[in-house]
Amino acid sequence: MARMHTRRRGSSDSDKPAADEPPEWSDVDEDAIEARVVELAEQGHSPSEIGLKLRDEGVQGTPIPDVSLATGKKVTEILEENEAEPDLPEDLRNLLERAVRLRDHMDENPGDYQNKRALQNTQSKIRRLIDYYRGDEVDEDFTYSYDNAVEALGLE
């Protein structure tokens with residue numbers, strides 16, 4: 001499939017190995033994994049960062065290569081059950097942070113047309129994503145603007 005804002009195609013990626021059950025060496029209790037996921041979320045980590053920390057650090061010294069295989073649930077599902085999910089979806093939050101960073105850069109460097117185009121593309125992606133999440137994860141009346149993005153991110 002072609003990329004959204006270029007004429008090029010996306011780069012191919014390697015796939016995760018197909019597995020139906022967690023490896024034998026990773027035999028951590030599901031409750032301990034879920035407790036660690038909630039603990040990391042309360043420390044302010046995003047779901048993808050939680051997955052990386054569990055892969056690298058693990059629970060009780062044992063790495064967890066795949067949370068969904070070990071618990072039967074995704075990280076976001078665990079967070080929803082324990083009411084620890086972030087207020088914004090991770091992909092939308094990352095795009096908002098990027099747009100705020102680009103806008104601040106554009107205020108300092110008004111002649112930077114390459115970043116002006118990058119900001120326009122990012123804002124386009126944000127608007128499309130807000131329409132996708134509207135009503136479920138984002139308020140019905142939320143519209144994108146720089147001020148709303150700063151407020152939503154808590155950067156005031």
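A: Glu83 counts as exposed because its relative accessibility is 71%, where exposed means over 50%, buried under 20% and partly exposed in between (1.4 Å probe, protein chains only). Glu83 lies in the loop between helix 4 (75-81) and helix 5 (90-108); helices are DSSP runs of H or I with at least four residues, strands are E runs of at least two, and both are numbered from the N terminus. The model is predicted: local features need pLDDT of at least 70, side-chain atom pairs count only at pLDDT 80 or more, and totals for chains, interfaces and linings use all residues. Residues are numbered from 1 along each chain as its sequence is written, and side-chain values use heavy atoms, without hydrogens and water.

Glu83 belongs to a negative surface patch together with Glu77, Glu80, Glu85, Asp91, Asp136, Glu137, Asp139, Glu140 and Asp141. Patch residues have over 30% relative accessible area and no salt bridge, and like charges are joined within 9 Å. Accessible areas come from the Shrake-Rupley method with a 1.4 Å probe; a salt bridge is a side-chain nitrogen of Lys or Arg within 4 Å of a carboxyl oxygen of Asp or Glu. Asp and Glu count as negative, Lys and Arg as positive, while His and the chain ends are not counted. The charge is placed at NZ of Lys, CZ of Arg, CG of Asp or CD of Glu.

A positive surface patch is formed by Arg3, Arg8, Arg98, Arg101, Lys125 and Arg128. Helix 5 and helix 6 (113-133) are the elements that each give two or more residues to this positive patch. Arg3 is located in the segment before helix 1 (30-42) and, at 42% relative accessibility, counts as partly exposed.

Key: Patches are made of residues with over 30% relative accessible area and no salt bridge: like charges are joined within 9 Å, nonpolar side chains (Val, Leu, Ile, Met, Phe, Trp, Tyr) within 5 Å.
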